[in-house]
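The questions below concern a model and the surroundings of selected residues in it. Please consult the sequence and the coordinates alongside each answer.

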Amino acid sequence: MPELPEVETVRRGLTNLVKGAIIRKVEVPYPKVVTSDLTEFKSDLVGRTIEKIDRRGKYLLFRFSNNLTMVSHLRMEGQYSVEPEGAPLRKHTEVVFHLEDERQLFYNDTRRFGRMTLVKTGDELVTVSGLKDLGPEPTEEDLKLSYLKEIFNRSHRMVKTFLLDQSNIAGLGNIYCDEVLWMSKIHPETTTDKLSDRKLSELRKNIIAEINRATAHHGTTVHSFSNIFGETGQFQNELQVYGRAKLPCLRCGTTLEKIKVGQRGTTFCPKCQVKKV
DNA sequence: CGCACTGTTTTGAA
DNA sequence: TTTCAAAACAGTGC
């Protein structure tokens, strides 16, 4: 499901619904989802308040009282839902947080790729792989052009693959990568060191703008994504290339092509996005 | 039925 | 050190 705008949508929904709630009991029907000690996971959260929910890249950070943080990554199809106490588990419910107020928070995950781990607050930045090496957020303040120039010039990887690497920039996934490359008129297989400073600046602006715009639309619903209220995002109506292979480019009319780049399906316009060699 | 595809990340090997 | 393919898993569509 989720790239940064979708995870941020989930974060806001969770904040509305369960911020301030107290955990009464934790059940883990699918133990593999918890990568930290399972016994501690089930016992340590009992009695704790969900004080805040943060996000970093595609990671959700549940801040509990007494300096505990639960790191949750939804991977492909992870999803939270809030139900009345006693509601039956869903087919793919992996964790149940019973709350003190007659509700329960479910973590559901059809493909079972999502993972969560419990750490002492602050430790996530040193112990959680993926999180500790995460690149800057795609924002005006955090994503400096000088930084991009440096990492792009140093690498010889294809730009699409490079943007998907979360240690370079946090939060972009397959959909928004294809979108920003189309917007910036960059062929996905161009190697990063071939991009001019001017192109890089354009790409940076497009990344920031696109992520902001998608977040404002509550994210994109392609397969299964819906927010905690069960509402779908609206941004799929705004996509220019993703999911439009064989359809005309909305800028020049050329038929969009779909190829594989670094084992990910990649849609682009062969006329607008010419590979620089 | 078999195969390819799907919004992600980690792992191990080259 | 850097980069890449396979694997983790379930569902859907051809």
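This is a predicted model: local features need pLDDT of at least 70, side-chain atom pairs count only at pLDDT 80 or more; totals for chains, interfaces and linings use all residues.

Q: At which residues does UniProt place the feature "active site"?
A: The annotation comes from a UniProt record, an unreviewed entry. In that record, the feature "active site" is placed at Pro 2, Glu 3, Lys 58 and Arg 264.

Q: Is Pro 2 buried or exposed?
A: Pro 2 is found in the segment before helix 1, which spans 4-18. Its relative accessible area is 6%. Because buried means under 20% relative accessible area, Pro 2 is classed as buried.

Q: Which residue touched by Pro 2 also belongs to the UniProt "active site" feature?
A: Not counting residues up to four places away in sequence, Pro 2 touches Val 7, Lys 58, Leu 74, Arg 75 and Met 76. The UniProt feature includes Pro 2 itself and, among others, Lys 58.

Q: Which accessibility class does Arg 264 fall into?
A: Arg 264 is found in strand 10, residues 264-268. Its relative accessibility is 33%.

Q: How far apart in space are Ile 50 and Phe 64, C-alpha to C-alpha?
A: Ile 50 is found in strand 2, residues 50-56, and counts as buried at 1% relative accessibility. Leaving aside neighbours within four places in sequence, its contacts include Phe 62, Arg 63 and Phe 64. Ile 50 and Phe 64 are 14 residues apart in sequence, and their C-alpha to C-alpha distance is 4.7 Å.

Terms used
Residues are numbered from 1 along each chain as its sequence is written. Chains are lettered from A and ligands numbered from 1 in the order in which they are written. Side-chain values use heavy atoms; hydrogens and water are left out. UniProt positions are given in the numbering used here, feature names are shortened, and annotations may be inferred rather than shown by experiment. Helices (H or I, at least four residues) and strands (E, at least two) are DSSP runs, numbered from the N terminus. Buried means under 20% relative accessible area, exposed over 50%, partly exposed in between (1.4 Å probe, protein chains only). Contact means heavy atoms within 4.5 Å.
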